[in-house]
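Hi everyone, thanks for coming.

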Amino acid sequence: MESKVACPSVCIPSSDEHREKRKRYTVYKVIVSIGRNEWFVFRRYAEFDKLYNALRKQFPNINLKIPAKRIFGDNFDPEFIQQRRAGLNEFIQNLLQHTQLCNHPDVKAFLQLDSPKHQLEPPEDEDESNDHKNGSTSHNVNLGPSGNPHAKPSDFEYLKTLGKGSFGKVILTRRKLDSKYYAIKVLQKKVILNKKEQKHIMAERNVLLKNVKHPFLVGLHYSFQTSDQLFFVLDFVNGGELFFHLQRERYFAEPRAQFYAAEIASALGYLHSIQIIYRDLKPENILLDSQGHIVLTDFGLCKEGIANSDTTLTFCGTPEYLAPEVIMKQPYDNTVDWWCLGSVLYEMLHGLPPFYNRDTAEMYENILHKPLVMRNDINLTASSILEELLERNPKTRLGANGFQDIQNHPFFSCINWNDLVQKKIPPPYDPNVDGPDDISNFDTEFTEAMVPYSVCVSSDYSIVNASVEEADDAFVGFSYAPPSDDFYY
């Protein structure tokens, strides 16, 4: 039997060149805080200098100053950048303390005080590399509201690596204060910035904040950051990935597959109800908790703000599970998630995704044109739901009329959906978890690897304390603390 390997989701100049660019084009991030509103713009030093000179002529009695325009020897080392950053910070704070300066049109334009949309992000597919075209360095990005967390890397003991991805690692940790276990997803800012994936990371954060209302979605307790890393503090879900169990058992009996599919469908239905498309359903992103219930994780490819009638165009997902309309680069809606549910259910019953081929181009051709083939011993209701979920026309696909289509299908006739959401239906499989720190259901390829030293010694850093930063220094608004915070002291 052909085996499937875990497939990642789809979706730099030399050091001398970088140093040369830094000398001429260092961009500083201006964080503007007025009342409860906070946003930021990017500006070069020359723009600060231009504003300073314009204001100094019109307001000679107000004490304004910025760091020197030039430095002897053209020395742009880190210490100089830090000193300049502090001076520019003082300049901005001074502006905000004078009403007459804040009302000046040049200051309003510089800080975008008049923009009602200063927190809106550009269209999803916009190229963010064009920030400096036409001499403009201003660029607003929606990174969510800022929190004021007290967390730092040294609050935790880093015990075992649980998994790794394109941007970092997931690590089992124990909080020193109360010895509770958490999974912390540690992401490298430089890698995210180089791949221009900031918006996907922030989308993941935003979706995680909404997950507390559903039992089959992983919960976010806290998020914080250092100068070089982002930290998601998540539930430690230790029943193992569905992928791990499928690889070990090849395929599942129908009642077990039915139970998992129902819990997955419930989670997807909830996401759709709050206008989110998941877009990356696959066994690697489906965990079992210690009792055997489903928990969806990894929300980096989620698309927010998509109502039932809305569509999007971004080509993203994992090749084996892509819906035909995504492959054909047509506008698609949340029915892509129901195609993915069909693919995962098929894999649970057959051992491989429905159109799997080692050659990706041939697999895409199969997804678009190959007839669906099923085992002879699959019963009629299972065959029926697979055919209806894997309908190539999204308008006639099961789920096109909403989650109730899935709930009402005969395949789920024995499921009481209210009992399901309340976890009153006993899971068909017990992962045999022995305690809150049991990692036996995780791949030893990860758990036997050393925890990265860079995580354990990562320097403490709080974006809340910064007002002017270099453009790539931090992700404003990433940090999160619950409104009634009993998680941190």
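Let's begin with a term: a polar contact is a pair of N or O atoms within 3.5 Å; within protein, one of them must be able to donate a hydrogen and the other to accept it, and residues adjacent in sequence count only if both atoms are side-chain atoms. What you see is a predicted model, where local features need pLDDT of at least 70 and side-chain atom pairs count only at pLDDT 80 or more, while totals for chains, interfaces and linings use all residues. Residues are numbered from 1 along each chain as its sequence is written, and side-chain values use heavy atoms, with hydrogens and water left out.

With that in place, find His272. The side chain of His272 makes a polar contact, at 2.7 Å, with the side chain of Asp337. What else does His272 touch? Setting aside neighbours within four places in sequence, His272 is in contact (heavy atoms within 4.5 Å) with Asn334, Asp337 and Trp338. His272 is also buried, at a relative accessible area of 9%; buried means under 20%, exposed over 50%, and partly exposed in between, using a 1.4 Å probe and protein chains only.

His272 sits in helix α9. Helices here are DSSP runs of H or I with at least four residues, strands are runs of E with at least two, and both are numbered from the N terminus. After α9 comes Gln275, with a positive phi near 65°.

Now for salt bridges, meaning a side-chain nitrogen of Lys or Arg within 4 Å of a carboxyl oxygen of Asp or Glu. How many are there by this rule? The count comes to eight.

One of them joins Lys185 and Asp298, with the closest N and O atoms 3.7 Å apart. Lys185 lies in strand β5 and Asp298 in the loop between β10 and β11, so this pair ties together parts 113 residues apart in sequence. Lys185 is buried at 14%, whereas Asp298 is partly exposed at 29%.

Another pairs Glu325 with Arg397 at 2.9 Å between the closest N and O atoms. This pair links distant parts of the chain, helix α10 and the loop between α13 and α14, 72 residues apart. Glu325 is buried at 2%, and Arg397 is buried at 1%.
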